[in-house]
Amino acid sequence: MQLNVAQKLIQEHLLSGEMNAGEEIGLKIDQTLTQDATGTMVMLELEAMGIDKVKTEASAQYVDHNLIQEDFRNADDHLFLRSAAQRFGIYYSRPGNGVSHPVHMQQLAKPGKTLLGSDSHTCANGCMGMLAIGAGGIDVAMAMAGEPYYVKMPRVMGVELTGELPDWVSAKDVILEMLRRHGVKGGVGKIIEYHGPGVQELSAMDRHVIANMGAELGATATVFPSDQEIKRFLQQQGREEDWTELVADKRASYDEEDHIDLSTLEPLIATPSSPDNVVPVAEVAGETIYQSYIGSSANPGYRDFAIASEIVKSKQIAAGISFDINPTSRQLLEQLVENGHIANLLSAGARMHQAGCNGCIGMGQAPATGRNSLRTTPRNFPGRSGTKEDSVFLCSPETAAASALTGKITDPRSLEMDYPTISEPTKFSTQGMLEAPPEDNREINLEKGPNISSIPDFQAIENNFDLPVLLKMTDNISTDEILAGGSRVLPYRSNIQKISTFAFEIIDEDYYEKAMKKRDSGGHTLIAGSNYGQGSSREHAALAPRYLGLKVVLVKDFARIHLQNLINFGILPLTFVDEMDFEKIKQGDILEFRHIHDTLKEKRDFSIQVKGSEQQIQVQHDLTDRQLDIILQGGIINWIKQKQ
């Protein structure tokens, strides 16, 4: 059988199920990645499971999101995470080392391996010929404990790349073109595999840019081959021995196909407030900007900063512009300093920030009210930047740098200069990037500050109940809207009681108070449109509403990671049989659920009643037997305890 790269990776790691699209499969996980916004809960979950040492080949805990230490909370949690890494046998990357995805790529990523991460952009490491998947924290904790990762077998979408990128066009424009064609739901239920002669024209970090934003397409994973370019990258990192070739068989086929001629692309930009609102830069050129921001896991490579440096070299940015530079790793920052690029940027008027996620997750660098912000980040969901009424555009480093010079959105091809040629260093420093755990962990105690609290106990779902509809929402509600990131919220990531006070505040600032009033009298339900829960993998977006009494979510369809997070915490996910029934339910209606235990076991679709009316709504679920058992136990923690 002729296999593509995705199929080879899955076949090598398949523990249960068959490689038939839509069938649940269990995968062996070789590596895991956690970051500090989600890792605190993962470590508490490992403690609750009684784990001695993780059973993966390599697991790493990165501190990259919550770097602002305005009080004790983040600093305390960093101490906790380091102690947990030592206790459970995990590599630790301290604050300032950089963003998890490029650092993992530099330090640990290996072709042919599986990687599960509690961050939706874990898929970035698919650039290395890995099967890299983002998931909720408790799924990652289970993998660290040696359990399989369960997912429905995706369809594999092959994207053939031909040609070569023109001057002033880069990898960001490739993924923006994919978003323009397919939208934020275009990758749902799919692995996107890039192949063809054009792949050879992309560096390993170019591939990272494209794979990273596969999350914005809703894809389960993005896969590139492991070829001579990946070998070169690993040589650059002093890890050539970790390279193995992994390419598609010559006659491999795909479930669906697309084609991009790289030579035909032009500079693109995603306008507010969705990554798929993509148009040519030339179409919006001339709009005034306040901020131009370069960095993040979506443009983390040496050339992404060096190209901006060369564009602004010996020039000055426009008056009134905030030109924000967020280096993505300490390793990268050292080389940019050594080769004069940081000096170029600073001389032009740039603001230098520490290596980390920073403004991408709303942790600093928030734009001014009513002003446009250009960013090389992966997302521009409403309010994600930290400014409620933000206006964020997503673009390449070339467009961001050109626009910083002019003070308005600028097609970089209009600059009166030749396209700079960038030469990457042949070798990067790798010293001190990851702290290895001790061989003997018996004397290691977890260091818990006063902000860390235990995960609340949750009761199993009842058989009969009535639920008021507390919110009715539209399509494409993101996890940033369900539970915001940023410096106000994320310091409480290990305090569920406190972080729940921020739930849905972007949509309804009174949600918390209304939910608390209903919590002890039976809870509530939510109604939404398509692609509910897109974006971040943060399980807090399920956990906090669950704490507030959320029992059922009824939508047109779900984003993959959030759907699994709802199941993991015992929230029943249902969809409309007829999407037109969405219009029949109003906020404030009460929905009646009867004999739900037997109904879920016996039927895929069933009816619920709108109380006080003759209105019946046909709903359905797509739960596997394992997922249904988790729901009826009240969540995966109860399910694990019941198995022991």
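A residue counts as buried when its relative accessible area is under 20%, as exposed when that area is over 50%, and as partly exposed in between. Keep those cut-offs at hand as we walk through this predicted model. By them R82, with a relative accessible area of 35%, is partly exposed.

R82 and E435 meet in a salt bridge, with 2.7 Å from N to O. The two come from distant parts of the chain: R82 belongs to helix α3, while E435 sits in the loop between α13 (397-406) and β20 (465-472), 353 residues apart. E435 has a relative accessibility of 29%, so this residue too is partly exposed.

Helix α3 takes part in another such link. The side chain of D77 forms a salt bridge with that of R493, at 3.2 Å from N to O. D77 is in helix α3 and R493 in the loop between α14 (479-482) and α15 (496-499), so this pair ties together parts that are 416 residues apart in sequence. Are these two partners buried or exposed? R493 has 0% relative accessibility and therefore counts as buried. D77, also at 0%, is buried as well.

A further pair brings us to helix α14 itself. D480 and R538 join their side chains in a salt bridge of 3.2 Å, N to O. Because D480 lies in α14 and R538 in the loop between β21 (524-527) and α17 (540-547), the bridge ties together parts that are 58 residues apart in sequence. Both D480 and R538 are buried. Salt bridges can also be linked into a network, as K28, D30, E57 and K113 are here. In total, the structure holds 41 salt bridges.

How many of the five residues of β4 are buried? Five of the five are, so the strand is largely enclosed by the rest of the structure. In a regular strand the side chains alternate between the two faces of the sheet. In β4, A58, A60 and Y62 point one way, S59 and Q61 point the other way, and all are buried.

Strand β4 has a parallel partner in β3 (residues 31-35), with five bridges between them. Within this pairing, S59 of β4 is the bridge partner of T32. To get from β3 to β4 the chain passes through helix α2 (residues 36-49), and this β-α-β crossover is right-handed. Strand β5 (residues 91-93) also pairs with β4 in the parallel sense, over three bridges. Here Q61 stands opposite Y92 in β5. Helix α3 (residues 72-88), the helix that carries D77 and R82, now returns: together with β4 and β5, α3 makes a right-handed β-α-β unit.

Elsewhere there is an open sheet of four strands, in the order β11-β10-β9-β12, with parallel pairing. Its edge strands, β11 (221-223) and β12 (256-261), each pair on one side only. On average, neighbouring strands of this sheet are turned by 20 degrees against each other, direction ignored. Strand β10 (residues 190-195) runs parallel to β11 and is joined to it by three bridges. One detail to look for is I192, whose bridge partner in β11 is T222. Helix α6 (residues 171-182) packs on the sheet, where it touches β9 (155-162), β10 and β12, and its direction makes about 130 degrees with that of β12.

Next comes a helix with a buried side. Which residues of helix α21 (residues 636-643) are buried? They are I636, W639 and I640. An α-helix has 3.6 residues a turn, so residues three or four places apart point the same way. Seen down the axis of α21, the buried residues fall within an arc of 100 degrees, so they line one face of the helix. Their cover includes α2, α5 (137-144), α18 (560-568) and α20 (625-633).

Our last stop is V619, in strand β26 (residues 616-620). V619 counts as buried because its relative accessibility is 0%. Which residues is V619 in contact with, leaving aside its neighbours within four places in sequence? They are L554, L574, T575, V577, R604, D605, F606 and I608. For a sense of scale, V619 and A404 are 51 Å apart in space, C-alpha to C-alpha, and 215 residues apart in sequence.

Key: Residues numbered from 1 in each chain as written. Predicted model: local features only at pLDDT ≥ 70, side-chain atom pairs only at ≥ 80, totals over all residues. Heavy atoms only, no water. Buried < 20%, exposed > 50% of the residue type's maximum accessible area, 1.4 Å probe, protein only. Contact = heavy atoms within 4.5 Å. Pairing = 2+ DSSP bridges. Right-handed = clockwise from strand over helix to strand, strands pointing away. Salt bridge = Lys/Arg side-chain N within 4 Å of Asp/Glu carboxyl O. Axes fitted to C-alpha atoms, helices over the stretch in contact; angles between N-to-C directions. Arc of directions from axis to C-beta.
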